[in-house]
Each structure stands twice: as structure tokens, then as C-alpha cells.
Amino acid sequence: MALVDVDSWVTEYESCSRLSHALLDKLNHRDRCHNPSLEYNRLTSSIKVGLKQFDNELQQLKSKLNDAVLERAITFEENERRQRQMVTLQSQRQQIQTKYIDNRSAGLQSDMGVAAFSGIRSSGRTAHADYGDAENDSDVAPIIDTSDVEALKQHQIAILEQQNHGLDILSQTISRQRALATQLGQEVEDQNEILDNLAVTMERVETGVGHETHNISLVNRTDNRTWCYWLVIIALFIAIVIVALI
């Protein structure tokens with residue numbers, strides 16, 4: 001679900017950016033029209049509706065970006081990039097609003113000047129009605145305050161603090177792992193020393209066993225030579241017995 005939200009944010013951002021350029025084109029087109037005229041009034045109504053839609057889409061982008069940051073669905077670098085894109089859209093919104101009001105005010109001043117010069121009261125009433133529409137338009141599409149930008153900056157600072165806290169925890173974990181690795185290395189060295197001592201002891205035992213085996217071999221050889229002596233002794237004993245009987 002997080003991936004779908006991220007993709008939808010990009011799509012909605014592109015839509016909002018296209019809407020911004022479309023509104024600027026309509027404002028430029030309206031500047032070339034005579035005021036009042038049907039085309040001028042049609043473009044004014046279309047721009048008013050477009051400003052409302054632009055504000056709604058901008059608010060949705062801001063809300064979805066905040067949700068993505070809280071859910072950690074995007075990286076810190078991606079969040080920074082999108083925050084800059086939001087500031088760009090807000091600057092475009094400010095530019096459109098300023099141009100929209102300035103153009104309406106300029107048209108009203110022109111109409112009021114013509115009405116005063118010609119002395120036609122109906123034109124004066126029309127200019128007054130247009131001036132009232134301009135005030136209503138300014139109420140409908142208010143200028144975006146810089147508080148949103150400050151809120152975004154504060155939100156970025158909070159994110160940085162959270163990431164710094166996470167880095168501190170990661171650093172402590174790595175330090176503990178390093179201490180465990182050092183302790184394990186010391187244990188391995190102790191075990192190697194014990195094995196070396198055991199090898200020396202086994203070598204000594206093997207040497208002693210070889211020496212004792214050699215001694216046993218000498219004893220066996222000595223036992224193999226004594227049977228001759230025993231045979232001579234038995235023969236002499238038999239000879240003595242025979243002589244005694246004779």
C-alpha cells in the first residue's frame with residue numbers, strides 16, 4: 001500500500017504542476033482580452049474554479065507527504081526533494097494569486113476611469129460590481145501564508161532529530177557488537193593457547209611411550225636369550241642325577 005501511495009503522490013504532483021501552468025496560460029490569455037467582454041468573464045470564472053482545484057490538490061499533496069514521512073515510506077533524500085517541490089508549487093500559487101488580483105484591479109481602475117470621463121452611470125455600476133467580484137475572488141482564493149513553509153521546515157527539523165536519534169542507537173549497537181567481537185577474539189586466543197599446551201603435553205607423552213616401548217623390546221630380547229641357560233642347567237641336573245644313581 002505504501003508503494004501505491006508514493007506513486008499516486010508523484011502523479012498528483014504532476015497534475016497539480018500542469019494545472020499551475022494552465023492557470024498561468026489562462027491569465028496571460030485574459031490579459032489580451034478586452035475588459036469587460038464575454039471571453040474575459042469566461043476566463044475569469046475558469047481561473048476562479050482552477051484556483052479552488054489547485055488549493056485542494058496542494059492540500060492533498062501536503063497531507064499525503066506528511067503521512068508518507070510518518071510511515072517512513074520514503075527516504076530522507078526523497079522527502080527533501082518533495083518538500084522543495086511543494087515550496088515551488090506554493091510559490092507558483094502565490095504568483096498566480098498576485099497576478100489574478102493585480103489584473104482584476106487594473107481592469108477595474110480602467111473601467112472606473114472611462115465611466116468618470118464619459119459620465120455614464122451604468123458603467124460606474126459595472127465597475128463597482130467588478131470591484132466587488134475582485135474582493136470576493138480574493139476571499140475565495142486567499143494568498144498562501146509563509147506559515148506553511150515554516151511548518152515544513154519545522155517538520156524537516158523534527159525528521160532530522162529522529163534520524164539523529166536512530167543513528168545514535170545504531171552507533172551504540174555497533175559499539176556493543178564490537179565489544180562482543182573483541183571478547184570473542186580473546187576467548188579464541190585463550191582456547192588456542194590451551195590447545196598449544198595440550199599439543200606439547202601429547203608430544204611429551206608420545207615420546208615417553210616410545211621410550212617405554214623401546215625398553216620393553218629390550219626386555220623381550222633378554223628373555224629370548226635366557227632359555228639357553230635354562231636348558232644347560234636342566235641338562236647338568238639330569239647328568240648329576242644319573243651319575244649319582246650309578
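Helices (H or I, at least four residues) and strands (E, at least two) are taken here as DSSP runs, numbered from the N terminus. The structure is a predicted model, in which local features need pLDDT of at least 70 and side-chain atom pairs count only at pLDDT 80 or more, whereas totals for chains, interfaces and linings use all residues. Residues are numbered from 1 along each chain as its sequence is written, and side-chain values use heavy atoms, with hydrogens and water left out.

The secondary structure of the protein consists of five helices and zero strands, so that the order of elements from the N terminus reads α-α-α-α-α. Of the 246 residues in the protein, 23% are buried, where buried denotes under 20% relative accessible area, exposed over 50%, and partly exposed the range in between (1.4 Å probe, protein chains only). With contact defined as heavy atoms within 4.5 Å, residues 24 or more positions apart account for 79% of the contacts in the protein that have a separation of 6 or more.

The largest nonpolar core comprises 22 residues, and those with the most contacts inside it are Leu-23, Phe-54, Leu-61, Met-86 and Leu-89; such a core is a set of buried Ala, Val, Leu, Ile, Met, Phe, Trp, Tyr and Cys residues joined through side-chain atoms within 4.5 Å. Two or more residues of this core are given by each of α1 (2-31), α2 (38-70), α3 (76-118) and α5 (147-245), and the largest share, eight residues, comes from α2. When neighbours within four places in sequence are left aside, Met-86 is in contact with Trp-9, Leu-58, Leu-61, Lys-62, Leu-65 and Leu-152.

Five salt bridges were counted, each being a side-chain nitrogen of Lys or Arg within 4 Å of a carboxyl oxygen of Asp or Glu. In one of them the side chains of Lys-64 and Glu-12 meet at 2.6 Å, N to O, and this pair links distant parts of the chain, since Lys-64 belongs to helix α2 and Glu-12 to helix α1, 52 residues apart. Lys-64 is partly exposed, with a relative accessible area of 31%, and Glu-12 is likewise partly exposed, at 24%.

A salt bridge also joins Asp-55 and Arg-93, whose closest N and O atoms are 2.6 Å apart. Because Asp-55 lies in helix α2 and Arg-93 in helix α3, this pair ties together parts that are 38 residues apart in sequence. Asp-55 is partly exposed, with a relative accessible area of 22%, whereas Arg-93 is buried, at 1%.

Within helix α3, Arg-82 and Glu-78 lie four residues apart, about one turn of the helix, and their side chains meet in a salt bridge of 2.6 Å, N to O. Arg-82 counts as buried, at 3% relative accessibility, and salt bridges that share partners join Glu-78, Arg-81 and Arg-82 into one network.

The accessible surface of the protein comes to about 17500 Å², of which 60% belongs to carbon and sulfur atoms; accessible areas come from the Shrake-Rupley method with a 1.4 Å probe, and for residues only the protein chains shown count as cover. A nonpolar surface patch of about 780 Å² is made by Ile-234, Phe-237, Ile-238, Val-241, Ile-242, Leu-245 and Ile-246. Patches are made of residues with over 30% relative accessible area and no salt bridge, like charges being joined within 9 Å and nonpolar side chains (Val, Leu, Ile, Met, Phe, Trp, Tyr) within 5 Å. Phe-237 is found in helix α5 and is exposed, with a relative accessible area of 56%.
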